[in-house]
Amino acid sequence: MSTTVLSMGTLAIIAIAIIGIIIVVALWAISIYNRLVKLRNNRENAFANIDVQLKQRHDLIPQLVATVKGYAEHEKEVLTRVTEARAAAMQANGIDQKIQAENALSSALAGLRVSLEAYPDLKANQNFLQLQQEVSDVENKLSAVRRYFNTATRELNNAVETFPGNLLAGMFGFKREMMFEVPSEERAAYDKAPEIKF
């Protein structure tokens, strides 16, 4: 009789220990899941800030193209590329697709800047100078929010790829996300030393 009571007490202790372990593991999994959700939401919020700047840039581009058309009629190919890239960027869905489309638009705008060097009259046009300043301002703001977005993306990617988050991330559909990097054409311009002319 006493062995039965003793074994019942031991079983109760084992059952309580198992239930305790299950509760700790469940709380740990919930904690990791909630952290991943917060990081994903932070990344999406960061991209919402980028979207505001992209909208402003999209609104300025038609005005810029219209101004340039009057001066640079034979630059139709560059203007067409900018217009098509803008249309593709406005139709892009999802963060990754928008990043790719915006990189293509940035490249097209960089091509427009280079070809405009040949038009001193256009560069003296006040309307064009104002539009160019507004685009430059938007690009600077975009650069700032892009840094914030990339920081949020890096934090999410670190949580998804490092232990113990990587154990649960795949099960809950979290994956490594794309950064919003500067297009290679622009990066080459940043890496090149400035030309000084006297």
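**Reading burial, salt bridges and the core**

Author: Glu139 is buried, with a relative accessible area of 16%. Please keep in mind that this is a predicted model.

Reader: With which residue does Arg57 form a salt bridge?

Author: Side chains of opposite charge can pair when their charged atoms come close. Here the partner of Arg57 is Glu139, and the closest N and O atoms are 2.8 Å apart. This pair links distant parts of the chain, since Arg57 belongs to helix H1 and Glu139 to helix H5, 82 residues apart.

Reader: How many salt bridges does a search of the whole structure find?

Author: The search finds nine. One of them joins the side chains of Glu177 and Arg43, at 3.6 Å from N to O. Glu177 lies in the loop between helix H6 (165-169) and helix H7 (184-191), whereas Arg43 lies in helix H1, so this pair ties together parts that are 134 residues apart in sequence.

Reader: Are Glu177 and Arg43 buried or exposed?

Author: Both residues are buried.

Reader: Where do Lys141 and Asp137 lie?

Author: Both are in helix H5, four residues apart, which is about one turn of the helix. Lys141 forms a salt bridge with Asp137, with 3.4 Å between the closest N and O atoms. Lys141 is partly exposed, with a relative accessible area of 37%, and Asp137 is partly exposed, at 34%. Elsewhere, salt bridges that share partners join Arg43, Asp96, Lys175 and Glu177 into one network.

Reader: Which residues of the largest nonpolar core touch the most other members?

Author: Among the 24 residues of this core, they are Val68, Val82, Leu112 and Leu116. Helices H1 (2-71), H2, H3 (95-116) and H5 (126-161) each supply at least two residues of the core. The largest share, six residues, comes from H3. Leaving aside residues up to four places away in sequence, Leu116 touches Val68, Leu122, Lys123 and Phe128.

Reader: Where is Met90 placed?

Author: Met90 is in helix H2 (residues 76-91). With a relative accessible area of 44%, Met90 is partly exposed. Met90 and Ala101 are 11 residues apart in sequence, and their C-alpha atoms are 8.4 Å apart in space.

Key. Residues numbered from 1 in each chain as written. Predicted model: local features only at pLDDT ≥ 70, side-chain atom pairs only at ≥ 80, totals over all residues. Heavy atoms only, no water. Buried < 20%, exposed > 50% of the residue type's maximum accessible area, 1.4 Å probe, protein only. Core = buried A, V, L, I, M, F, W, Y, C linked by side-chain atoms within 4.5 Å. Contact = heavy atoms within 4.5 Å. Salt bridge = Lys/Arg side-chain N within 4 Å of Asp/Glu carboxyl O.
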